[in-house]
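Dear colleague,

I am handing over the structure shown below, together with a summary of what was found in it. Please read the notes alongside the sequence and the model.

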Amino acid sequence: EARHLCVRGGPFRWRIPLGAIVSVTPTRNPLSSPALSLDRLRVTHRASSGERGLLISPADTAGFLAALAEHCPQLVRTSDGLGARD
């Protein structure tokens, strides 16, 4: 969607406002998440309870990062993901 990152994992759904995303970084964290692969991205975002993270595994990681960078002006490309603009 134009204003939210929508994540689906089985019966669960998450909607993260694009403006709340703080960073997107690669991880191989084995914690339970909607990501079925260990090649995951951690999407860190601001929530009412503070910063939260969600592990996802997009089919096209490079395409996902490029699209997210295009829609999130507060983020810039880093060597391996997206980080907050200084």
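Residues up to four places away in sequence aside, I21 touches L5, I16, V43, T44, H45, L68, C72, Q74 and L75, where contact means heavy atoms within 4.5 Å. Please note that this is a predicted model, in which local features need pLDDT of at least 70 and side-chain atom pairs count only at pLDDT 80 or more, while totals for chains, interfaces and linings use all residues. Residues are numbered from 1 along each chain as its sequence is written, and side-chain values use heavy atoms, with hydrogens and water left out.

I21 is also among the residues with the most contacts inside the largest nonpolar core, together with L5, V24, V43, I56, F64 and L68. This core has 16 residues; a nonpolar core is a set of buried Ala, Val, Leu, Ile, Met, Phe, Trp, Tyr and Cys residues joined through side-chain atoms within 4.5 Å. At least two residues of the core are supplied by each of β1, β3, β4, β5 and α1, and the largest share, 3 residues, comes from α1. Helices (H or I, at least four residues) and strands (E, at least two) are DSSP runs, numbered from the N terminus.

**Helix α1**

In helix α1 (residues 61-71), the buried residues are F64, L65 and L68. Buried means under 20% relative accessible area, exposed over 50%, and partly exposed in between (1.4 Å probe, protein chains only). These three lie on the same side of α1 because they cover an arc of only 95° around the axis, the arc being that of the directions from the helix axis to the C-beta atoms. The exposed residues A62 and E70 are carried on the face turned away from that buried side. The cover over the buried residues of α1 includes β1 (4-9), β3, β4 (40-47), β5 (50-56), β6 (75-77) and β7 (82-84).

S23 belongs to strand β3 (residues 21-27) and counts as buried because its relative accessibility is 16%. Apart from neighbours within four places in sequence, S23 is in contact with R42, V43, T44, L75, L82 and G83.

Strand β4 holds H45, which is buried with a relative accessible area of 12%. Its contacts, again leaving aside neighbours within four places in sequence, are I16, A20, I21, V22, G50, E51, R52 and G53. A47 lies in strand β4 as well and is partly exposed, at 32% relative accessible area. Between the C-alpha atoms of A47 and R85, which are 38 residues apart along the chain, the separation is 19 Å.

**Aromatic pair and cysteines**

The whole structure was searched for aromatic pairs, and 1 was found. F12 and W14 form this tilted pair, with 6.2 Å centre to centre and 40° between the planes. Rings of Phe, Tyr and Trp (its six-membered ring) pair if their centres lie within 6.5 Å; planes under 30 degrees apart count as stacked, over 60 as edge-to-face and the rest as tilted. F12 is exposed, with a relative accessible area of 52%, whereas W14 is partly exposed at 30%.

How many disulfides does a search of the whole structure find? The search finds 0, a disulfide being a pair of cysteine sulfur atoms within 2.5 Å. For C6, the nearest cysteine sulfur is that of C72, 12 Å away. C6 is partly exposed, with a relative accessible area of 29%, while C72 counts as buried at 0% relative accessibility.

With kind regards
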